[in-house]
Amino acid sequence: MKRAEVYILSGFLGTGKTTLLKQILQHEKDRERTIAVMMNELGSVSIDSDAVDTDVPLKELLGGCICCTIQDKLESQLQGLLFDHDLDAIYIETTGAAHPVEVLDAVLSPLFADKLAIKGIITTVDGLQWLNRTTLDPQVHQLLLEQVKHADLIIVNKSDLLSEAELAKISMDIQGLNPQAKSILSTYSKMPMKLLEGLAHTEKAKGAASHVQADLRLSTFVYQFQGAVSQKDFEDFLRALPDSIYRIKGYVLFDHSQYPELFQYSYGMPLYMKEYMKMPLNLVFIGQVTDWSLLEQQLKELER
Ligand SMILES: Nc1nc2c(ncn2[C@@H]2O[C@H](COP(=O)(O)OP(=O)(O)OP(=O)(O)O)[C@@H](O)[C@H]2O)c(=O)[nH]1
């Protein structure tokens, strides 16, 4: 089954996300791929939707951030897109206020996570703002750092407004924060499109060796249980998990029940909610993990 590639465009307000999206859409048009766009804006009126041609399915999520207030809306819109179109890729432009972990969390609903292939997070940075970042509100400053730390590709934009020395300083800062990501200097968010095609978020996570230096980038993993497991064994498995796993959610069927439970786990805290119907037994993981194969093995053993 073809999975729709998912690209998340992150970056603070006004850093060049829409400018980037326009170029990507042109590139996808040239490649004749079927794509959809989701745009999230905090306000109740869409500002950037003109950037998207009318022949590209576009879902707008207005009036809140996908990572918090309008998660449910995102889930139903994504499900609608997947149902109505045979998509090659989905581009999600987030609000500048979105945290990358929360965006991934919002996108990966256990109902359809197995139909998506998360390809990566592309973060745009306004070079001048980056240099002056310590003058920002501390929370905004922290968010800027998180958006860079968790990116797979970083576009240091608006380089026309900076000197060579300033550009060198920014590149050093950014590579220091996230040495694994590719970072490029750009004006008007221009980038070689082969970088986009080279992004491989999940695949990279599967293939890499586990002993390499801790990877700051996020990766995701979806496991599908074939049947029921013991609750005690499942809880033992949870207790042994490393801190680098931020989030798990999905449906787990225990051998003493008829229907699965909705399972939520964030930063070490598990929560169960009874369901009263059959649900796909998908478990979605989000973390800073370079090799999910050990975890996959442990999950398989729970089913024995
Ligand atoms: N000087 C200069 N301006 C740029 C560059 N890239 C983008 N801009 C301008 O910066 C402004 C913001 O760009 P957008 O692409 O709308 O940024 P955004 O991240 O989508 O903004 P939000 O949707 O508000 O979060 C626009 O007026 C762009 O024309 C650049 O490299 N240099």
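Student: Which helix gives the most to the shell around the ligand?
Tutor: Helix H1, residues 17–31, which gives three residues to that shell. Keep in mind that this is a predicted model.

Student: And which residues come nearest to the ligand?
Tutor: Lys17, Thr18, Thr19, Lys158 and Thr187 come nearest, out of 18 residues around the ligand.

Student: How do the residues of that shell divide into nonpolar, polar and charged?
Tutor: Eleven are polar, four are charged and three are nonpolar.

Student: Changing topic. What is the order of the strands in the open sheet?
Tutor: The order is E8-E12-E9-E10-E11, five strands with antiparallel pairing.

Student: Which strands stand at the edges?
Tutor: Strand E8 (219–224) and strand E11 (269–274). Each has a single partner strand, so one side of each is left without a neighbour in the sheet.

Student: By how many degrees are neighbouring strands turned against each other?
Tutor: On average by 10°, with direction ignored.

Student: Back to E11. How many bridges does E10 make with it?
Tutor: Six bridges, in the antiparallel sense, with E10 covering residues 261–266.

Student: What does UniProt list for residues 218–303?
Tutor: The record, an unreviewed entry, gives "domain: CobW C-terminal" for residues 218–303. In the model, that stretch is 37% strand and 22% helix. Its end C-alpha atoms lie 27 Å apart.

Student: Now Gln142. Where is the place of that residue?
Tutor: Gln142 is in helix H5, which covers residues 138–149.

Student: Is Gln142 exposed or only partly exposed?
Tutor: Partly exposed, because Gln142 has 13 C-beta neighbours inside 10 Å. A residue counts as exposed with 12 or fewer and as buried with 20 or more.

Student: How far apart are Gln142 and Ile154 in space?
Tutor: They are 16 Å apart, C-alpha to C-alpha, and twelve residues apart in sequence.

Student: What about helix H3, how many of its residues are buried?
Tutor: Six of the eight, so helix H3 (residues 100–107) is largely enclosed by the rest of the structure. The buried ones are Pro100, Val103, Leu104, Asp105, Ala106 and Val107.

Student: And for the whole chain, what percentage counts as buried?
Tutor: 37% of the 304 residues. The chain has ten helices and twelve strands.

Student: Last one. Among contacts between residues at least 6 apart in sequence, what share joins residues at least 24 apart?
Tutor: That share is 76%.

Notes. Residues numbered from 1 in each chain as written. Predicted model: local features only at pLDDT ≥ 70, side-chain atom pairs only at ≥ 80, totals over all residues. Near = placed C-beta within 6 Å. Helix = DSSP H or I, 4+ residues; strand = E, 2+ residues; numbered from the N terminus. Nonpolar A, V, L, I, M, F, W, Y, C, P; charged D, E, K, R; others polar. Pairing = 2+ DSSP bridges. Axes fitted to C-alpha atoms, helices over the stretch in contact; angles between N-to-C directions. UniProt positions renumbered as here; feature names shortened; annotations may be inferred. Contact = placed C-beta atoms within 7 Å.
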